[in-house]
Amino acid sequence: MATVSVDPVGITTGAPVLGSPAVALSIAVVPQSIATGAPVLDRADVVVLPETWPFRARFPLAETLEWMTEVLGSRTGEQRLALRSAPRQSFSYSVRLSIADYARGAAFARRRVGTVIGVPVWAEGIDLAVDIAATASILPVDTTAGDWRVNGGVMIWERSDKFVVARITSVSPDSLELLAPIGLDFQKPAIIPLRFALVPEGFSVDRNTTYSDVGTKFLVTDNIDLAAAYVSTYPKYQGLDVVTEAPLLVANVSDSIVRSMELNDNGFGPIVVETLRSYVDFGQTVSFMESRPSGVWKRRKWLHSLRGKQKPFWLPTFNQDILLQANIGAAATTALVRSIGHPSSYIGRHVMILLKDGTRLQRQITNAGASDGGNDTIVISSSLGKSAAPADVALFCFISRVRLNSDSVSIDHKYIDASVVNIPVIEVPA
């Protein structure tokens, strides 16, 4: 690969010396050709590939996406301003090193701590089933479900002491084109995208007589926004996504129902309550099991499209909240349902009706009243457009207009081929 090495002696051409603090630059100065020379630092085609942490992380891996949103609340609603153009990504990795590898890792840490380094995104890595020759400049990988970037880095990895870091010049759905041949023969290597990152907390080490466990948190610096790449496959209701995947019980669904208030208590008389909002704060933390890479990639782009707390969406309870007691006609706007309490519990709320044929219908309940036999009659905002009998209904539940309740979302890459995405949400006025 065409590189230059900047060291105290001057500028020399040749392969970068990764064991030194030298800066390695990959420079393409002429279309369809490569030339070496002094780096032109104001040229957009200068790409710095920093020295890379080469040790394969152990599963589970922890990843965090952090946005920044300012929420301006009022009694009846809120306004939300996204203050960060792209979320900050971070990884927490743990590696187990032999005595020899620990010596290399410790030397790397002493040399590079406090500087930008390359970090492989192991959760998006692809293990090839074929060998790669030293002359190869095109890698046969499926790039449709990962963050592979033109002018970004990629690591071709066989083991911690045999790997190559290269610059990507073109990304196709089934391949990556590199700036130059990789220069080494590899047997069924792993192909991993690279990010540039800092190690703000340094490297923590737990040493044993035969091995050392090294833990590191990498704070990515080359963050980008993936919202433009997101194409929604969710049904829409009032212009917003309706989530269709029920949270799996990989973790408990945690709910909280509170109302913001101030308690005025002078310590002598009764306590006076002043509510701060005209609506209840209904919060949840839900977890989704996603296959990797395709499921995680889809969920990642969806999270980017929300921009943290800014954009709301509809989240069903996925609980059989309402039991239909009689047929609903195609043009009807009333339904007889089993009572869940006082009729006011329905009014103003939104519902989703999932039929056994896969049809999803969303409506708002505009009125309700008590009926005989422990039933209630609810009035919906418009007719369903098709008739439905109780036996046709797979799920009749409430749906809430929610947003993220935290600008931080964790992705736990617990398994080799699946990850758990934890999403805290809170209801906002519809």
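I began with strand 11 (residues 138-139), which pairs with strand 14 (residues 175-178) in the antiparallel sense over two bridges. Strands pair here if DSSP finds at least two bridges between them. Helices (H or I, at least four residues) and strands (E, at least two) are DSSP runs, numbered from the N terminus.

The model is predicted; local features need pLDDT of at least 70, side-chain atom pairs count only at pLDDT 80 or more, and totals for chains, interfaces and linings use all residues. Residues are numbered from 1 along each chain as its sequence is written, and side-chain values use heavy atoms, with hydrogens and water left out.

**Strand 14, continued**

I looked up the bridge partners next. Leu 139 has Leu 176 of strand 14 as its bridge partner. Val 171 also has Leu 176 as its bridge partner in strand 14. Strand 13 (residues 162-172) runs antiparallel to strand 14, and four bridges join them. Strand 13 and strand 14 form a hairpin, with two residues between them.

**Confidence and whole chain**

I checked pLDDT, the predictor's confidence in each residue, from 0 to 100. The protein chain has a mean of 86, and 84% of its residues reach 70 or more. Residues 1-14 are below 50, with 39 contacts in the model beyond near neighbours in sequence. A contact means heavy atoms within 4.5 Å. Residues 16-37 also stay under 50, and the model has 56 contacts for them beyond four places in sequence.

The protein chain holds two helices and 31 strands. Of its 430 residues, 43% are buried. I used these cut-offs: buried is under 20% relative accessible area, exposed is over 50%, and partly exposed is in between (1.4 Å probe, protein chains only). Among contacts with a separation of 6 or more, 69% are between residues 24 or more positions apart.

**Helix 1**

I took helix 1 (residues 99-112) next. It has 14 residues and reaches 20 Å from its first C-alpha to its last, close to the 20 Å expected at 1.5 Å a residue. That expected span is 1.5 Å times one less than the number of residues.

Which residues of helix 1 are buried? They are Tyr 102, Gly 105, Phe 108, Ala 109 and Arg 112. They lie on the same side of helix 1 because they cover an arc of only 125 degrees around the axis. The arc is that of the directions from the helix axis to the C-beta atoms. The buried residues pack against strand 8 (88-97), strand 9 (117-120), strand 16 (203-207) and strand 17 (212-220). On the face turned away from the buried side I found the exposed residues Ile 99, Ala 100 and Arg 110. Gly 114 follows helix 1 and has a positive phi, near 90 degrees.

**Nonpolar core**

A nonpolar core is a set of buried Ala, Val, Leu, Ile, Met, Phe, Trp, Tyr and Cys residues joined through side-chain atoms within 4.5 Å. The largest has 27 residues, and Trp 53, Tyr 93, Val 95, Trp 122, Phe 203, Val 214 and Phe 218 touch the most other members. Strand 8, helix 1, strand 9, strand 12 (153-159), strand 15 (190-198) and strand 17 each supply at least two residues of this core. Beyond four places in sequence, the contacts of Trp 53 include Gly 105, Phe 108, Phe 203 and Phe 218.

**Leu 65**

Last, I looked at Leu 65 in strand 5 (residues 61-66). Leu 65 is buried, with a relative accessible area of 2%. Its contacts beyond four places in sequence include Pro 87, Arg 300, Leu 303 and Val 409. Leu 65 and Gly 308 are 243 residues apart in sequence, yet 9.0 Å apart in space, C-alpha to C-alpha.
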